[in-house]
Amino acid sequence: MMQSVSLASVAETRQNNWRIIRLAAAVFVIFGHSFIVNHGINGEAFGPLGWAGAEWYQVEPLRRLTGTTFAALGVDTFFVASGFLVTRSLLGNGNLVDFALARSLRIYPALIVVVLLMAFVLGPLVTSFATEDYLTRRPVYSFVAINALSLSPFHTRFGLPGVFEALPYPNVVNASLWTLPWEVLMYLSLAAFATVGLVSARACAIVVAVLTGLHTAAHFGVAEPGPILKSGIHLATHFYVGALCYLLKHRIVLSFGWLMGFIVLTFATHAATGIALTAPLLLAYAVITLAYLPALVVGRLSEGDDLSYGTYLYAYPVQQTLVWVLGPGNAYAHTVLALLVTLPLAYLSWRFVEKPALDLKGRVLRRRSPVPDRPSVGSRHGVF
C-alpha cells in the first residue's frame, strides 16, 4: 500500500506531475468540445456514433455518467491547479509588482498571438466575405482588442465576420476564450486580498464558503445570477479551493485513503442535497494527490516543454477548422486529429512565445530584486 505524505513536505519541490495534469486537462477540453463542434448544441448534426437529432450532451460519455462533461472537468482542473500554484507564486514572489509582472507575462503574450492569428490569418482564409471587405469590418478589431485584454467575462467576443457561419456550432471561432477573463479576475482578487493582508487559510475558507453558498442558492432557485456570473462563481470556487489547499499544506496529508474518503463524502452530500457540494474539494484533493504523491510522480516529465496553455488556446479554432474542411463526423476520431494538429502549434507557441516571455520574466525579476520599498505580501499569511 502506498504511504501517505504531508503536502507541506512536497509542495515546493520541482518533482511533480503538474505539467502532465495540465496537459491532460487540455486534452479533456478538446475531447469534450469534439461533441459540440461535430454535433451542435441543438443536435442538428450527426453525433460521434451516427445519432442524428440528439442533444450533444446525450452522447458526451462523462455527461451521461456523472452530469458533468470532460470539457468542464478539464477547465475545473485548470482552475484548481491555478489556485494552488498562483497562491504559491504570490507568497513566493514577496511583492505585488513582481506577482503582476509574472502573471501578465504568463497569460498575455501567447493570448495576444493566438487572437491576432485568428483575426488576421484564419479569418481571411475561411470567411465568406472578400478579404478586403472582411478587413474593413469593425467586429474584427473589437475581437482583437477585447479578447487580447481579456478583462471582462461579460464582453468576450467569440465570432468573426463570415467565419464558420454554417457549422454545427456556428459563428464561434474560439469558445475556450471565455475562461481567461475569469482567470485574470482570480489573479486580481488574490492580489487584492494580499494588499489588505488577507492571504490566509481563514480568509480563503470564508471565500470558499460564500461561493459555495451562492452556488447552492442558484441551484435551488433562491437567486439567479445569470449564466455568465454563475459560471464565474463555479470557477472561482475551484480556484479558491486550490488556494486553500496550498495555505493548509501543513495540515493536509496525501493518501489514497483520504481520497476515498472525499469520494464517499461527495456522493453522500449529493445524495442528501441533490448537489455535489464537496465536488471542488474532491477534485482539488485528487489533482494535488496526483501531482505530488511520490509514488505517482514521473520525474523525467517534471521539466521540459509545457504545452498545456498553447493546447488550450489553439485547440478550438483547430477543431472548428477541421469541421469546416472535413464536415462533422466522429467525435473520437476528431479528437485524435485535432490533437495531431494542435500539439505542434502548442509547441511553437511554447518555443517562440511562452518560453521567451518566461525567460524575460526571470531576467526582469532578477534585475528588480531586492527592492525593499515594494509592498510585501509574504509576511502576513498563515493558517487558522
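Helix α9 (residues 227-247) is mostly covered in this predicted model, with 15 of its 21 residues buried, where buried means under 20% relative accessible area, exposed over 50% and partly exposed in between, using a 1.4 Å probe and protein chains only. Helices here are DSSP runs of H or I with at least four residues, numbered from the N terminus. The end C-alpha atoms of α9 are 30 Å apart, which agrees with the 30 Å that its 21 residues should span at 1.5 Å a residue; the expected span is 1.5 Å times one less than the number of residues. Residues are numbered from 1 along each chain as its sequence is written. As the model is predicted, local features need pLDDT of at least 70 and side-chain atom pairs count only at pLDDT 80 or more, while totals for chains, interfaces and linings use all residues; side-chain values use heavy atoms, with hydrogens and water left out.

After α1 comes Gly40, with a positive phi near 80°.

Rings of Phe, Tyr and Trp (its six-membered ring) pair if their centres lie within 6.5 Å, and planes under 30 degrees apart count as stacked, over 60 as edge-to-face and the rest as tilted. By this rule there are 15 aromatic pairs. One of them joins Phe31 and Phe70 edge-to-face, at 5.0 Å centre to centre and 70° between the planes. Because Phe31 lies in helix α1 and Phe70 in helix α3 (residues 70-93), this pair ties together parts that are 39 residues apart in sequence. Both Phe31 and Phe70 are buried. Phe84 and Tyr292 form a tilted pair, since their ring centres are 5.8 Å apart and their planes lie at 45°. This pair links Phe84 in helix α3 to Tyr292 in helix α11 (residues 279-292), 208 residues apart. Phe84 and Tyr292 are buried as well. A single aromatic cluster is formed by Phe28, Phe31, Phe35, Phe70 and Tyr332.

Beyond its neighbours within four places in sequence, Tyr292 is in contact (heavy atoms within 4.5 Å) with residues including Leu7, Trp18, Phe84, Arg88 and Val297.

The cysteines give a short account. With a disulfide taken as a pair of cysteine sulfur atoms within 2.5 Å, the count comes to 0. The sulfur nearest to that of Cys204 belongs to Cys245, 8.7 Å away, which is too far for a bond. Cys204 counts as buried because its relative accessibility is 6%, and Cys245 does so at 12%.

Definitions and conventions
Helices (H or I, at least four residues) and strands (E, at least two) are DSSP runs, numbered from the N terminus.
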